[in-house]
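Please look over the sequence and the structure shown here, and then read the briefing that follows them.

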Amino acid sequence: MFKTTKNVPFYTLGRGAFAQMGDLLAPRRKEGGPVVFYVDHYFEGKAEVRKLPLEKGDQVIFVDTRHEPAVEDIDAYAAALKASLNGKLPACLVGMGGGATLDVAKAVGNMLTNPGKAEDYQGWDLVKNAPPYKIGVPTLAGTGAEGSRTCVLTNARKRLKMGMNSDLTMYDHLLLDPELTRSVPRDQYLFTGMDTFMHCMESLCGSYRNVIIDTLSKTAITLCEDIFLRSGDMMEDENLEKMMIASYIGGMAAGNTGIVHPISAGLGVVLHVPHGKANCYALSVLGEFYPKEYDQFQAMLAKQNVTLPKGLCRDLPEETMQMLYEGSIVHEKPLTNALGPDFKKILTREKVLDLFKQM
Ligand code: NAD
Ligand code: ZN
């Protein structure tokens, strides 16, 4: 009847806040052990990495984000780290990147203090032992992964994409420096930023509601409208900061998705379309379910001069189309949230296949 909710206890926000990293690490270092940084591979050789306050024994591990993190990746990262530390724990883990890298550091942390394999912890409240202290540094805003209690991992063997949902998965401190997002390509910036818009509008359009989540969702949507519709360019200084805040607030509200995320999951699992872009494809054919948000999204694309190429599911074999259908309709909880328990009467197989064909 009563739900206890955890939020990330500390954040440091502002342009240039990245320079605070050394200060944030100092108290951790007193406890002994190195600091291990998981950094998006985009930053390899870049100035930001040279600015990391490295000390003897620290490690910087670049995360290849060309594909979304899989359970095997986490097992490999955790095994390599354990071997290099001879059974000792790091003083702190830092995740620095977009949703994928933020999730990698969260998941590796859990695997340092819990036995078995990453897939054993895909689900709700399965993590038992507290991981090392973690600092999250987003360099791409929108997924809300910096503030959420999950880390999404693909599991090809079980054909699912699921996180380690646990209070222990969460970061202990966030370093939110909008300057870090300036180098994101424009289309990627919009697609990932839209993840916040989707989480929040799907929540507000659904039936699973509460006042706190509604309030956070409305605030994050207002920020998205400011960034992508009302002000000048989505990547001007003020908007970089607003997007970082929208992502953080939206992340606190995320959880009750609707039709966009199930359709997006089908595209992700079957065609490996990245999460943010797949959401955009989904909303681009869901105008009859989300008329206002569909119009807003089209206006945002036009205003920011970003295009979503047509023909994504053109000429796909029948078998692949069936997999797309199955990979979407399996998400009963969000579809029930959006359409009620009889959602399959509305989203018939024919209807779902038609949506994919329109992309
Ligand atoms: P991402 O982390 O996959 O990164 C996308 C691309 O942007 C990569 O090529 C990366 O190299 C690049 N990039 C990142 N920062 C950059 C920068 N500052 N400059 C230039 N390039 C940069 O993308 P994402 O959309 O942030 O995250 C998607 C992932 O997040 C998926 O794996 C998804 O499952 C996960 N996710 C997690 C949660 C959660 O609550 N944990 C929620 C939603 C999505
Ligand atoms: Zn999402």
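Along the sequence, the donor residues of the zinc ion (ligand 2) follow the spacing D-x3-H-x61-H-x13-H. Within this spacing, His199 and His261 lie 62 residues apart and link distant parts of the chain, since His199 belongs to helix H5 (residues 186-204) and His261 to helix H8 (residues 260-271). The model is a predicted one, and every value below is computed from it.

**The zinc site**
- The zinc ion (ligand 2) is coordinated by the OD atom of Asp195 and by the NE2 atoms of His199, His261 and His275, at distances of 2.1 to 2.2 Å.
- The arrangement of the four donor atoms is irregular because the angles they subtend around the zinc ion (ligand 2) run from 89 to 168°, whereas a tetrahedral arrangement would need all angles to lie between 85 and 135 degrees.
- His199 and His261 are both buried.

**The fold as a whole**
- The chain contains 14 helices and nine strands.
- With a radius of gyration of 20 Å, close to the 21 Å that the globule rule gives for 359 residues, the chain is as compact as a globular protein of that length.
- Taken along the principal axes, the C-alpha atoms fill a box of roughly 60 × 45 × 45 Å.

**Contacts and surface**
- Among contacts in the chain with a separation of 6 or more, 76% are between residues 24 or more positions apart.
- Of the 359 residues, 54% count as buried.
- The chain exposes about 16,000 Å², and carbon and sulfur atoms supply 55% of this area.

Definitions and conventions. Residues are numbered from 1 along each chain as its sequence is written. Chains are lettered from A and ligands numbered from 1 in the order in which they are written. This is a predicted model: local features need pLDDT of at least 70, side-chain atom pairs count only at pLDDT 80 or more; totals for chains, interfaces and linings use all residues. Side-chain values use heavy atoms; hydrogens and water are left out. Donors are N, O and S atoms within 2.8 Å of the metal (3.2 Å for Na, K and Ca); water is not among the atoms, so sites may look incomplete. Four donors count as tetrahedral if all angles lie between 85 and 135 degrees; four count as square planar and six as octahedral if opposite donors are over 155 degrees apart and all others between 65 and 115; anything else is irregular. Helices (H or I, at least four residues) and strands (E, at least two) are DSSP runs, numbered from the N terminus. Buried means under 20% relative accessible area, exposed over 50%, partly exposed in between (1.4 Å probe, protein chains only). The radius of gyration is taken over C-alpha atoms; the globule rule is 2.2 Å times the number of residues to the power 0.38. Contact means heavy atoms within 4.5 Å. Accessible areas come from the Shrake-Rupley method with a 1.4 Å probe; for residues, only the protein chains shown count as cover.
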